[in-house]
Amino acid sequence: MKHFFLMLLMVSSAILSAQPNSNSDIKSGSISGRVIDADLNEPLPYVNVIIKDLNDKIITGSITQADGTFKVDKIPAGLIKIEIKFIGYKSIKKEVNIGKNGFKINVGDIFLSEDAENLEEVTVIAETSTIQQKIDRKVVNVGKDLTTSGPTASDIMNNIPSVNVDQQTGAIALRGNQNVQVMVDGKLSNIPTAQLLRQIPSTSIKQIELITNPSAKYNPDGMSGIINIILHKNVNVGFNGNVHLGLGYQLAPKFNSSLDMNYRNGKLNFYGSYGNNFSDNINTGVLTQTDSDLTQLFDITDERNSHLFKVGVDYYINDKNTVSFFTNQNIFDGGAIGETELLFGDMTNENQLQIFDNNNENNSQQYNANYKLDFDDKGHNIELEIDHNIFENDIFTDNNFSGLGSRPNFDEFTNTDRVRTEINLDYVNPLSETSKLEVGLQARLFENTIDYSSDGRVINEMGNYIPTSTNFDYERNIYSAYASYNFQKDKWSYQLGLRAETVNVDALAIDTDLTTDTTTDFPFENDYVQVYPSAFVTYEASEKNSYQFSFSRRVDRPGVGQVNPIPEFNTPLISQFGNPELEPQFTNSLEVNYSRNFEKGSLTAGVFYRLIEDEINQGLFVDRSTLGSGRVILRIDNFDNTSAFGFEVSSNYRPTKWWSFNASFDLYGRTQRGFAETLDPTIPNPTESDIEFNEVEVDNLIYNFRMFNNFKVTKKLSLSAFAMYRGKDTGLNFEMEPMYFVNLGLRYNFLEENRATFSLNFNNVFDTQEINITSERPFRQEVSFVPEFKTIFAGLSYRFGGGKYRAKSRKRRDNDEKSGGGFL
């Protein structure tokens with residue numbers, strides 16, 4: 001707690017020092033209206049609305065929303081100019097007298113006509129990435145500079161404040177915690193997160209939203225919140241699209257490509273995309289148990305081949321009715337080939353070798369249908385969406401062992417069938433200009449079946465390895481309702497929400513000894529009702545200063561991998577299993593943020609505190625089936641309540657016309673509780689009575705610093721440099737040493753209207769990035785991994801076609817657009 005209050009004091013000091021010094025910043029008027037396409041007679045979103053004084057000096061501004069509306073507040077009294085600008089359209093200027101004509105002026109509908117000279121513009125992507133703090137999220141607008149960092153979403157995530165990606169496993173963490181929901185365009189996917197991030201091309205990403213304290217209208221899953229990846233949408237009239245090719249290399253090649261196409265004519269909009277990723281990834285490592293002089297060497301090649309397809313159509317029946325449908329199809333074929341060698345010090349005759357060949361094939365299908373009805377009142381609508389996901393996965397592993405005393409060879413086969421269906425009914429009613437009511441119903445139906453078999457992985461009481469099988473059925477149905485009320489009063493904005501859920505969990509694991517055909521059942525049921533309140537308060541002190549307070553309650557429901565009793569992985573020294581009886585973990589989160597806008601940039605800072613109930617964490621056990629072998633078992637369990645806190649600050653700034661940068665610093669603290677068994681490796685012929693049980697409590701304080709620089713050499717050539725330092729990470733059983741590295745990049749635009757872009761980047765330039773881990777439980781161990789960090793990547797992108805921007809958009813559930821081209 002003392003760390004949290006120290007952070008709170010630091011931010012409070014910053015807030016007090018940033019207060020405006022006079023009343024000169026206080027504005028007294030507002031202007032609202034709606035922008036319409038003059039030819040199509042439909043609203044235009046994302047149109048620039050600029051407010052200037054009589055000397056053409058910019059005072060403030062805004063952009064139009066999805067329905068074409070805009071509202072600009074805090075405008076000084078007097079005669080001002082309004083300029084409406086949008087690429088591909090002729091600009092419009094108006095003069096308005098704030099005060100004389102009233103202080104709340106509605107200019108009505110403004111009709112923009114196309115500019116024939118600019119019809120070739122398709123998608124405008126900013127050169128430089130920026131960061132915005134909104135009422136319930138931090139938004140990273142991905143510019144061309146950030147996409148130079150690598151070919152996939154996984155490659156650029158480490159450049160994002162508060163986000164870390166494990167370069168070895170692909171696991172993603174937000175604020176130092178992996179309990180995070182990853183969504184694409186506001187939708188969950190059945191594709192495993194690490195695989196999904198490696199399949200989304202970085203050039204397809206428009207924004208990355210960090211929703212650390214989601215409102216009641218969001219599903220409450222994930223302790224650290226939601227990472228929502230928003231892809232570029234292409235709804236231009238006519239035929240248009242873009243194509244991308246990329247190639248990376250260190251020890252093995254890595255290739256990816258994508259094609260995105262869109263055709264819009266009249267009331268129909270058709271779109272489709274294809275993307276692929278082919279890569280071989282080599283990973284070497286060393287594990288040493290210092291007390292027993294035992295060394296394990298790893299040499300693994302991970303192969304990934306994936307294809308993604310998306311096809312969709314939007315049908316604009318009329319101004320009030322829209323129907324949309326899309327499907328995603330994902331095909332993945334990969335696996336790992338490698339060997340692990342056990343070296344017993346001077347006793348070389350006891351050395352053992354494991355050679356394994358793992359084949360992983362999975363297919364994922366998503367089908368999404370949406371209907372939206374708009375009422376006469378602006379912003380008043382009701383919407384129905386059905387989303388159905390199917391995931392099928394087959395994994396076969398051939399394990400071969402050699403050496404004195406080594407165990408027999410065995411094969412493993414795992415088949416997974418997973419179905420998720422989500423039905424949403426949402427209703428939005430703008431009660432007035434300053435208030436809005438949102439209510440909704442949701443059903444989430446989830447069913448997962450895993451069949452596992454092995455011809456000799458398990459050892460029985462007689463010390464013999466026997467063939468076994470496990471069938472695991474897991475079903476979870478969630479029914480929920482939410483209500484959210486938003487209102488504004490002067491400089492204050494409020495959002496209050498409540499979500500109620502009823503959850504039904506039914507699981508059954510059946511273990512079968514195939515030698516005797518005897519079975520053992522492990523049934524589990526868990527039904528519960530929970531409510532999840534949320535509250536947001538924002539104070540706009542001035543155009544430059546704003547403050548936000550938020551509270552939410554969330555839940556971490558055990559994932560399939562955490563409850564699955566089938567082994568997640570096996571090595572000669574480590575096995576990991578799930579726990580079917582794992583209970584959900586609940587989190588109450590408080591957060592305070594401050595935002596400051598400068599003439600050439602912005603700064604956001606904040607602190608958070610979490611109270612965690614029934615913490616989910618890891619226990620470490622000695623493998624009783626092979627005492628004295630050094631083998632351990634990892635297993636998830638529930639522990640006592642605990643807490644976490646953190647401090648974050650991030651900024652984007654442009655010191656000169658040719659140099660801009662994003663920089664961030666974050667610090668997280670957490671008390672973790674668990675247990676670990678220990679066994680002295682020097683004891684000859686140990687028995688279970690020699691195993692010691694220890695309750696473990698660890699205070700972990702980790703910090704990260706990152707800085708992304710963009711240098712504009714000419715109008716066409718830009719250079720980038722990214723540096724990151726990640727502090728020591730202390731977990732219950734392992735301590736990871738600090739990591740730091742520098743990446744360099746180049747980007748060159750060419751051809752007419754800069755339609756083509758060539759990018760080149762060099763990661764880990766100084767060869768400093770590596771993974772070093774130490775552990776004291778259950779015995780002293782040191783681990784070092786060296787994946788392919790020092791890679792070179794080259795990419796080529798080209799956009800084609802043309803056409804005027806089409807205003808009508810389909811569904812915006814949770815304020816996130818869900819249609820158009822792009823992946824997933």
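1. A charge sits over a ring if NZ of Lys or CZ of Arg is within 6 Å of the ring centre and within 35 degrees of the ring normal. In this predicted model, the charged end of lysine 310 sits over the ring of phenylalanine 326, 4.6 Å from its centre. Arginine 476 has its charged end over the ring of phenylalanine 446, 5.4 Å from the centre.

2. Because the model is predicted, local features need pLDDT of at least 70 and side-chain atom pairs pLDDT 80 or more, while totals for chains, interfaces and linings use all residues. Residues are numbered from 1 along each chain as its sequence is written, and side-chain values use heavy atoms, without hydrogens and water.

3. The protein chain has five helices and 44 strands (DSSP runs numbered from the N terminus: H or I of at least four residues for helices, E of at least two for strands).

4. The whole structure holds 24 aromatic pairs (ring centres of Phe, Tyr or the six-membered ring of Trp within 6.5 Å; planes under 30 degrees apart are stacked, over 60 edge-to-face, the rest tilted). Tyrosine 274 and phenylalanine 309 form a tilted one, 5.1 Å centre to centre with 40° between the planes. Tyrosine 274 lies in strand S17 and phenylalanine 309 in strand S18, so this pair ties together parts 35 residues apart in sequence.

5. Phenylalanine 665 and tyrosine 703 also form a tilted aromatic pair, at 6.3 Å centre to centre and 35° between the planes. The former belongs to strand S35 and the latter to strand S36, so parts 38 residues apart in sequence are tied together.

6. One aromatic cluster is formed by Tyr485, Phe487, Trp492, Tyr494, Tyr539, Tyr547 and Tyr594.
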